[in-house]
Amino acid sequence: MNETLYYSLVIAGVLITLLTIAAGNIYIERRLLSVWQDRLGPNRVGPFGLLQVVADIIKIFTKEDWIPRFADRVVFVLAPAIILITILITFAIIPFSPDIVVADLNIGLLFFLGLSSLGAYSLVLGGWASNNKYSLLGAMRGAAQMLSYEVFMGLSLMGVVMMTGSFSMVDIVEAQKNVWFVIPQFAGFVIFLIAGLAESHRIPFDIPESESELIAGFHSEYSGMKFGMFFVGEYLAITLISALVTTLFFGGWLGPDFLPPLAWFTIKVFAFIAFIILLRAALPRPRYDQLLGFGWKILLPLSLINILVTGAILLSK
Amino acid sequence: MISEFGIILLYFILGFVFVGIALVAAYFIRPSHPNAIKNSTYECGEIPIGEPWVRFNVRFYVIALIFLLFDVEVVFLLPWAIVFKGLGWFAFIEMIIFVVILLVGFAYVWGKGDLDWERPKPYIAKLSDLVIGKKKQ
């Protein structure tokens, strides 16, 4: 029983940290975007505008949260909860440092792939339950996009699994002691990053939301806390993708000795978060057929070739 | 002793509790003043016409079917990727054969134009094609 309590406290700590980081990401994104766009960004609330996040949270809690009368009530409430819970749970397998791993599953990567495909339900159910034409179109686009990019995501990770011979995230990090996997698995890294961005439907792959044509797509009928959940879910997804790229391709907590492992992990993760925000500032949104065509016609053959070449090289050693 | 999967279960439960607390707290804090205009479907101020559950492009369905095929492939590749070092060249060549068979199907889908959103116009057979002695156009 004591052990259950201990783990509950650890998990609650991890969850609170994650939600804080996600809320902090909103601030970081707004500040960085404004730097890249020659603006000031939020700088009024508190020192450097740091309390802007708190103000946003208070606002989201006190906004009228309206369930449309024409919507499917149960599914409507369930949809934003699904995306938040699936992404939060995926963090259980991430090794933050040699000592801080919530659960070192021997099927870690499979666990991640399974939960990331559950995320598609959130879009489809949310869009369908909203009972709105734009939402339905957004949900359909989102479903096709997430299904397509899930295939490449699974295939791009295969190279890492082959080099390690294990699905466990801790084993994968420890296998990178000599050389980070980004060098032998560069194609896998690029495909995984693109697929990860498409899975978290971030700009430039935010076609399910695309506010200029679908007015926020699958969540146009959402307001208040439920909208906040979709919003925080998106920022958690960025953090998750950054953490996974760090763990799988950039050596996780590994780094020179003058900093503790957790610091190395954090630095790498935030570097990738900044990179993803830069992508948002730099890239336009592709057309929908271009997105799917690019995935199926270029990424799929590329990831298969990557697997076969990796296998041939590993066997001939 | 809690197993790794027990911790995951605990994590599941706590995740649900966290999200539940957020939803319930917001339920008690938020105001609620519905009116007729708020209760209409949001379509940029226009009065919505027709069913909201519109027909959508059948292309989405085809994409889902292709996804099913390739996701099964991923499922088959995963256990192979773990043990292929022990199995050696024999398993590797078998995997190449499997991937090639899949790529033939992929080429078929591609050639049929199912990966393009704008599909080439299908040839619809006419009655005159069936007349014996006349060649297909």
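Trainee: Which elements of chain A do the buried residues of H10(A) pack against?
Mentor: This is a predicted model. Among the buried residues of H10(A) are Trp264(A), Phe265(A) and Phe272(A). The buried residues of H10(A) pack against H1, helix H7 (186-199) and H9 of chain A.

Trainee: How far apart are the end C-alpha atoms of H10(A), and what span should its residues give?
Mentor: Helix H10 of chain A covers residues 261-282, which is 22 residues.

Trainee: How much area do chain A and chain B bury between them?
Mentor: The contact involves 77 residues of chain A and 65 residues of chain B. Carbon and sulfur atoms carry 79% of the buried area. The total is about 6,900 Å².

Trainee: Which three residues supply more of the area that chain A buries against chain B than any other three?
Mentor: Their share is 11% of what chain A buries against chain B.

Trainee: How many residue pairs are in polar contact between chain A and chain B?
Mentor: Salt bridges across this interface number zero. For polar contacts, both residues must be at pLDDT 80 or more. The count is one residue pair.

Trainee: Which element gives the largest share of the side of chain A that touches chain B?
Mentor: Elements giving two or more residues to that side include helix H1 (2-36), helix H5 (133-164) and helix H11 (288-316) of chain A. The largest share is 16 residues, and it comes from H5(A).

Conventions:
Residues are numbered from 1 along each chain as its sequence is written. Chains are lettered from A and ligands numbered from 1 in the order in which they are written. This is a predicted model: local features need pLDDT of at least 70, side-chain atom pairs count only at pLDDT 80 or more; totals for chains, interfaces and linings use all residues. Side-chain values use heavy atoms; hydrogens and water are left out. Contact means heavy atoms within 4.5 Å. Buried area is the accessible area (1.4 Å probe) that two parts lose on being put together, summed over both. A salt bridge is a side-chain nitrogen of Lys or Arg within 4 Å of a carboxyl oxygen of Asp or Glu. A polar contact is a pair of N or O atoms within 3.5 Å; within protein, one must be able to donate a hydrogen and the other to accept it, and residues adjacent in sequence count only if both atoms are side-chain atoms. Helices (H or I, at least four residues) and strands (E, at least two) are DSSP runs, numbered from the N terminus. The expected span of a helix is 1.5 Å times one less than its number of residues. Buried means under 20% relative accessible area, exposed over 50%, partly exposed in between (1.4 Å probe, protein chains only).
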